[in-house]
Amino acid sequence: RDKKLVYGKLRKDVDPRSRSVRSPIYNGRKEFRWDSKKGWDPTITIVIEVTGLERTTPTPDFETSIVGFALINVFVDPETGEQPLNSSIPEYVLNEGAFQIPIC
């Protein structure tokens, strides 16, 4: 990967030069909006990539490496509480709550 490209993406949300780099607050946000032509697919899963920054030299350059991935389903079947397995399910609800998801 191009370090400048990765740093530019991270810079908006977490500045690796800050004193809180060991315990950053991530201010990223992604919104998904309703499109009446497409609708929602109840089997949607969000994949989150966790990338680590590592200073390997005394210069201000950072190396990046993938720490892991996390997955979370967006919708659940209201009867079972599980992620729908079929996109033709007639009823589904938003998977809401406070989550601690493992990084694999």
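Predicted model: local features only at pLDDT ≥ 70, side-chain atom pairs only at ≥ 80, totals over all residues.
**Overall chain**

- Of the 104 residues in the protein chain, 16% are buried, and the chain exposes about 8900 Å², of which carbon and sulfur atoms supply 52%.
- When contacts between residues at least 6 apart in sequence are considered, 43% of them join residues that are at least 24 apart.

- Valine 47 counts as exposed because its relative accessibility is 54%, where the cut-off for exposed is over 50%.

**Aromatic cluster**

- A search of the whole structure finds two aromatic pairs.
- Tryptophan 40 and phenylalanine 75 form an edge-to-face pair, with 5.9 Å from centre to centre and 65° between the planes.
- This pair links distant parts of the chain, since tryptophan 40 lies in the loop between helix H1 (3-11) and S1, whereas phenylalanine 75 lies in strand S3 (residues 75-76), 35 residues apart.
- Tryptophan 40 is partly exposed, with a relative accessible area of 30%, while phenylalanine 75, at 8% relative accessibility, counts as buried.
- Phenylalanine 75 also forms an edge-to-face pair with tyrosine 92, for which the centres are 5.0 Å apart and the planes are at 65°.
- This pair, too, links distant parts of the chain, with phenylalanine 75 in strand S3 and tyrosine 92 in the loop between S3 and strand S4 (93-94), 17 residues apart.
- Tyrosine 92 has a relative accessible area of 27% and is therefore partly exposed, and Trp40, Phe75 and Tyr92 form one aromatic cluster.

**Asparagine 73**

- Asparagine 73 is found in strand S2, and its side chain reaches the backbone oxygen of phenylalanine 75 at 3.0 Å, a residue that also belongs to the aromatic cluster.
- Leaving aside residues up to four places away in sequence, asparagine 73 touches Ile44, Thr45, Gln83 and Asn95.

Key: Residues numbered from 1 in each chain as written. Heavy atoms only, no water. Buried < 20%, exposed > 50% of the residue type's maximum accessible area, 1.4 Å probe, protein only. Contact = heavy atoms within 4.5 Å. Areas by Shrake-Rupley, 256 points an atom, 1.4 Å probe, with all protein chains shown as cover. Helix = DSSP H or I, 4+ residues; strand = E, 2+ residues; numbered from the N terminus. Polar contact = N/O pair within 3.5 Å; in protein donor to acceptor, adjacent residues only side chain to side chain. Phe/Tyr/Trp six-rings, centres within 6.5 Å; stacked < 30°, edge-to-face > 60°.
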